[in-house]
Amino acid sequence: MRIRTKHMSSRLLGIIIILFGVVIGSHAQSRRAFNRISTNRNLSASNYCIYPDTVFQQTPPPEGKHPFYISHYGRHGSRYLNKRIGYDVPYQMLAKADSAGKLTPLGQHVLQQLQEIIDDSEGRWGDLSELGKQQNKKIACRMMDRYPEVFEGKAMIDAKSTTVNRCILSMGSALQAMMARNPKLQIRMDASKSDMWYMNHQDKYLRDSMTTPATDKAYNLFCERREHNPRLMSLLFNDSIYIKEQIDEITLNYYLLKTALIQQNTSMGSKIDFLDLFTYEDIHQFWQKENAWWYFNYGPSLLNGGKEPYTQRYLLRKMIEEADSCIQLRKPGAQLRFGHETVILPLTCLLEINHFGYQTYDLEELEEKGWWACMVFPMASNIQFVFYRSDYTDKDILVKILLNEREAKLPVESDMQPYYRWKDVRQYYLDKIDAYEKGN
């Protein structure tokens, strides 16, 4: 079989897959995510998903109310892989097999593409990509278009970032777009270790409790049902004995698929094709494992006590305190914060946005219940608190929260959703944080 050296067509790979046979079976209680992945495989990339860049319809505010202040926390935009080891693992396995003459022509093609990916990423590990810059610019522009009252004239923009370069550049990209729209903006920006205590808090007690014997047992059992992929091994290697004796199938399957999925964030996304090595069921199972891992590490899983979202209690309290101060001003403008998915996800769960406060011991329930981390923290994901009032003297302040620019539901009573009275929202979350801190 002849394989093109540079770029194998999806059609040819599809034929190869059919020849080897595709047996699709579900280990999940629901096929909801599988159906979405069948439409767009890149949705399975977990925290490597690109931002959806979709314009969602907004509910008009109650009569007489106008936006006047925004409080925001956003993840950096699309980036390169953090560390080379993620590419080296599959590359070295395939290179060793190639030197022993154990690769199929398709395996050699994948090895060459891995080398091209490594060359493209060299010196840029963890860097913001061009796509990441554009994501932040577009989000900033939509924010200004949607809430022009907040950004008119000499509005104040207070922007902060964690000290990581990709976050700083994300902040810079957003502010650059805003200044192009309104050169009169009064912008203050900073990226200092002095703010890291709330911008990216590392709670030792909660971090140490992420992994427990209960989480290990449940996760290992969950993954055992979703690990084996002999079809992929047969596509890449020409010797079944070599596979059995020399290849760590689980590790190769994981890193090769993860490598394929992250390329949507870089210029290599349009230049490689080995995502076609995997069936939709392969990709779905990868998504399930990633989703479960994020759930018990950063979500409200009962397997480790359900307290992990409280890692972001300092950030939430800070946002509440700063909002209380800013709404006293005639023209407070906006506060923008740029950080990481390891903040966005637990913060979403702490806020109990939509269904992301859902707690269970059973990882098999997550897909059916819609607890999909990929919908929370794609590259450039963001949470926006948008505040409304009729004028400066109005004390009946309203707020709505957007998750990735989409109106969200909160665990607070309201007769005008998605709008809530700020006094009710702040009290709910302050009480929640206080209860946790008093109990620990």
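Predicted model: local features only at pLDDT ≥ 70, side-chain atom pairs only at ≥ 80, totals over all residues.
**Notebook: strands and a helix pair**

I began with strand 2 (residues 156-161) and strand 3 (residues 186-190), which run parallel and are joined by five bridges; strands pair if DSSP finds at least two bridges between them. I found D190 in strand 3 as the bridge partner of K160. The chain passes from strand 2 through helix 7 (residues 165-181) to strand 3, a right-handed β-α-β crossover (clockwise from the first strand over the helix to the second, with the strands pointing away from the viewer).

Numbering starts from 1 along each chain as its sequence is written, and side-chain values use heavy atoms, without hydrogens and water.

Next I looked up strand 5 (residues 382-389), where eight of its eight residues are buried (under 20% relative accessible area, 1.4 Å probe, protein chains only). Both of its faces are covered, with N382, Q384, V386 and Y388 on one side and I383, F385, F387 and R389 on the other. Strand 5 pairs antiparallel with strand 1 (residues 66-75) over eight bridges, and I70 has V386 as its partner.

Last, I checked helix 3 (residues 85-99) and helix 4 (residues 105-121), which pack at about 140 degrees with axes 10 Å apart (axes are lines fitted to C-alpha atoms over the stretch in contact, and angles run from 0 to 180 degrees between N-to-C directions).

Terms used
Buried < 20%, exposed > 50% of the residue type's maximum accessible area, 1.4 Å probe, protein only. Helix = DSSP H or I, 4+ residues; strand = E, 2+ residues; numbered from the N terminus.
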